[in-house]
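Have the viewer open as you read.

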Amino acid sequence: MNVGDAAQRSGLPAKTIRYYEEIGLIRPQRASNGYRDYSGEDIHRLAFLRRARNLGFSIEDCRQLMALYQDRGRASQDVRDIAAAHVTAIEEKVRELQSMRATLQKLIHACHGDDRPDCPILDDMAGVAMSDVKVASPLA
C-alpha cells in the first residue's frame, strides 16, 4: 500500500511516516516504480510507534522499544527499565508544572488587574524580586 493508505490505517500523518522512514524507525519495501510499498507489518510498526509517542516516549526510546519488541529473546526487564525511566521523567515534569502553577498563582494574586501600568507578573519575568512588588490590595 502507498503512504496515504498507510497513514489512514496507522492513524499517523503521511509526513510523520516519511520522517520515521528518514530516521530509520521503519523501512518499507520499494515497488519497482520506486514508490514506498507498506506491508501489514509496517502498519503494525507504525501503530506501535503512534502509541509509544502518544505515551510520551522520545524517538530514541521508541527506537529502543521497537528493537526490543522485535527481539523475541528480549528480557522484559529491559522494557520495564525504559518505561520506569519515562515515569520518573514524567513525575519530574509534573513537579515542574506544579511549581510553575504555584508561581503564576502567586503572581496573579499580586496583580492589581486594573488600568495601572505596574505589573508584578512582568516584573517577575524581568527578574524583579517579589519582595519589591506591591501586593494588590482590595482598598487600593
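Buried means under 20% relative accessible area, exposed over 50%, and partly exposed in between, with a 1.4 Å probe and protein chains only. By that cut-off aspartate 42 is buried, because its relative accessible area is 4%. You'll find aspartate 42 in helix H3; helices here are DSSP runs of H or I with at least four residues, numbered from the N terminus. Leaving aside residues up to four places away in sequence, aspartate 42 touches Arg27, Pro28, Gln29 and Asp37, where contact means heavy atoms within 4.5 Å.

A word on the ground rules: this is a predicted model, in which local features need pLDDT of at least 70 and side-chain atom pairs count only at pLDDT 80 or more, while totals for chains, interfaces and linings use all residues. Residues are numbered from 1 along each chain as its sequence is written, and side-chain values use heavy atoms, with hydrogens and water left out.

Now look at how H3 (residues 40-54) meets H1 (residues 3-10): their axes come within 9 Å and cross at roughly 50°. Axes are lines fitted to C-alpha atoms, for helices over the stretch in contact, and angles run from 0 to 180 degrees between N-to-C directions. On the H1 side you have Ala6, Arg9 and Ser10, which meet Ile43, Leu46, Ala47 and Arg50 of H3.

Finally, H5 (residues 76-110). Its buried residues are Ile82, His86, Leu107 and Ala110, and the buried residues of H5 pack against helix H4 (59-70) and helix H6 (120-125).

Key: Helices (H or I, at least four residues) and strands (E, at least two) are DSSP runs, numbered from the N terminus.
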